[in-house]
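Visitor: I'd like to learn how to read an interface. Could you walk me through one?

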Amino acid sequence: MDETINLVLFSGTDDKLQAAAVITAGAAALGKPVNVFLQYWALRSFTKAEINADHGLAAEAGESGRKNVDALAKAGQASWAETFRQAKELGEVDIQACSLSMDVLQIEEEDLDPLVNGVEGVTAFYLNAGDGRIIFI
Amino acid sequence: MDETINLVLFSGTDDKLQAAAVITAGAAALGKPVNVFLQYWALRSFTKAEINADHGLAAEAGESGRKNVDALAKAGQASWAETFRQAKELGEVDIQACSLSMDVLQIEEEDLDPLVNGVEGVTAFYLNAGDGRIIFI
Amino acid sequence: MDETINLVLFSGTDDKLQAAAVITAGAAALGKPVNVFLQYWALRSFTKAEINADHGLAAEAGESGRKNVDALAKAGQASWAETFRQAKELGEVDIQACSLSMDVLQIEEEDLDPLVNGVEGVTAFYLNAGDGRIIFI
């Protein structure tokens, strides 16, 4: 079995991306390679224009969830983007934008934050995934 | 390791189903068998009454996301249902409705779009999944 | 390949948790060990204060979905918490709270429902997951 963890990120809210960043950083810390494939709203959150913006939380968070998350940010918790940057320094993390989602959202390669390593189609994603696990977030 | 990709579809919004359709079509193009198991709102979207309706987008899409998706539809992009149909022609794709979700939503077998091959329980889903990957969307 | 099913639960709405409970119970019935890792809003739903509350449904459920789910509850369908309890009696199901999410939501170990076996970090989660499948819900 291939140790690689393959993450398909679809959602672009700050809570889901924080969960994804923790899963990525944990794998990197254990020496597991991580491939991240960005679709739709997750892709939009990885653009230069959006990466430092507030992307909201899942609707279910409610007011109390919002307060919890804001309190941590004020206390200096690393943002999801920062956690992904640290994971890339720590281990083997490759982040690719889904070419179809680039078309849907009319995003060009130069619009992407430098965290993103490149653009690929779903077939390339599967080939890189090898026998590794695939997790959709 | 079994090459089969097993997708559990829960969400029925058009963006999530389009992402699922692309993942299915990519697997089919590479010769990987795909088992799809439909729960809750994804199941509802695969009924005859709903399959061609507008199922909305994830709340986080916002107005700008809505515009992007509508623009593509006008430009003739295949709907998720059409992409699933093509994937079935291209490869080995089996779509099953979750029997428990059928009960919850009071859906009968004759209400399902012909894209759906049958109805099964979660135990049958696991047995068909074999050693293949399981992805929840 | 390891038979263990590893579920990362993020969402805390009643429909997603019911889907997760069914996937857990099905695996337990087939003798597959199940590790559940609770993050964010799923973790909040597993606290003593929240486990019997109404956690709403995914926004896309709409009014008709709400009616379907309510009708079943009135007809005596087991809640997701009850289904998890039954799965624990039936098989090998271990439920762990994500330590980082505990910090985010300011939840203490004594706040957790007895369904939760303990608290662990993401590294421990990966180590327990072994070669088993990982499903994010």
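Visitor: How many residues does the contact take from chain C and from chain B?

Guide: First, a word on the model: it is predicted, so local features need pLDDT of at least 70 and side-chain atom pairs count only at pLDDT 80 or more, while totals for chains, interfaces and linings use all residues. Residues are numbered from 1 along each chain as its sequence is written, chains are lettered from A and ligands numbered from 1 in the order in which they are written, and side-chain values use heavy atoms, with hydrogens and water left out. Now, with contact meaning heavy atoms within 4.5 Å, chain C contributes 28 residues and chain B 24 residues.

Visitor: What is the area buried between chain C and chain B?

Guide: The size of an interface is often given as the accessible area lost when the parts come together. Here that buried area (1.4 Å probe, summed over both parts) is about 2,200 Å², with 65% from carbon and sulfur atoms. On the chain C side, Glu60(C), Asn68(C) and Arg133(C) supply 27% of the area buried against chain B, more than any other three residues.

Visitor: How many salt bridges does the rule find across the interface of chain C and chain B?

Guide: A salt bridge needs a side-chain nitrogen of Lys or Arg within 4 Å of a carboxyl oxygen of Asp or Glu, and the rule finds zero between chain C and chain B.

Visitor: Which helix of chain C gives the most to the side that touches chain B?

Guide: Helices are DSSP runs (H or I, at least four residues), numbered from the N terminus. Helix 1 of chain C leads, with eight residues.

Methods: Buried area is the accessible area (1.4 Å probe) that two parts lose on being put together, summed over both. Helices (H or I, at least four residues) and strands (E, at least two) are DSSP runs, numbered from the N terminus.
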